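Please look through the structure below with this short briefing beside it.

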Amino acid sequence: MFVLLESISLVLLFQFNSYQGSLWFTSANTVVSTIQSWETKVISYMNLGTENRTLTERNVQLQLQLTALREQLEEAGRDTSLAGRMDTMRILDARVINNSIAQKDNFITIDRGSKDGVRPEMGVVTGTGVVGIVSQVSNHAAIVIPILNSKCRISCRLRNSGYFGYLHWDGGSPMEALLNDIPRHAHLKKGDAVETSGYSNSFPEGIFVGRILKVRNSSDGLSYEPVIALSADLANVRNVSVILGKK
């Protein structure tokens, strides 16, 4: 009874007194706006996973398209198939569910498997560059051998000159790798871009890998072994794309 009478009193107070009514209206709007703001932030946070996967896939597609456009300019229209080539590439978004960077032979586990079309030897990339190669596959998960694994070898080339070699990691910094077998007559300089060569079934040509950090000689002195600053931060990778091949 007390609560009922108190409620009636408050209604009468706010309804027939303009000052108190305006205070009630302002306070109510503030509370509602705050609740709506919280709701919007919660919904946005819940959608971050989907948005990140979409952005990763879009960045990969843009890299592939950029390579095709650059080659078209270089070939001056002689190869009209390049523009359509990258549109036929199928990629599958995936999420990293386990990752390591502190071992000599690190591994990454993703939440896609054979039921999703993933097979061994398929390339894995993120929006900023190359991640690694699929090694083992189950129905709904796959193990990836990343760049940060001593057994990983990825064929790469220098974007400006076309000289190619094999990218590998020597167990040092997780942000650096080495490019083997670059001939002594190749012209190298700090900042040169390194990308996939397309000489394997795992990656199409033109996927960005990183830039030359410094140039050093190989252990036998017969070739260069530039240190590459990797574009993909594998310590912080969350969303990746698996390159399934052509449509």
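In this predicted model, the side chains of Asp116 and Arg112 meet in a salt bridge at 3.4 Å, N to O, where a salt bridge is a side-chain nitrogen of Lys or Arg within 4 Å of a carboxyl oxygen of Asp or Glu. Local features need pLDDT of at least 70, side-chain atom pairs count only at pLDDT 80 or more, and totals for chains, interfaces and linings use all residues. Residues are numbered from 1 along each chain as its sequence is written, and side-chain values use heavy atoms, leaving out hydrogens and water.

**Salt bridges**
- Asp116 counts as partly exposed at 27% relative accessibility, given that buried means under 20% relative accessible area, exposed over 50% and partly exposed in between (1.4 Å probe, protein chains only).
- Glu195 and Arg159 also form a salt bridge (2.8 Å, N to O), and the pair ties together parts that are 36 residues apart in sequence.
- Glu195 is buried at 1% relative accessibility, whereas Arg159 is partly exposed at 25%.
- Through shared partners, salt bridges link Arg157, Arg159, Glu195 and Glu205 into one network.

**Confidence**
- The chain has a mean pLDDT of 79, and 68% of its residues reach 70 or more, pLDDT being the predictor's confidence in each residue, from 0 to 100.
- Over residues 76-86 the pLDDT is below 50.
- Where pLDDT is low, the predicted coordinates should not be read in detail.

Definitions and conventions
Contact means heavy atoms within 4.5 Å. Helices (H or I, at least four residues) and strands (E, at least two) are DSSP runs, numbered from the N terminus.
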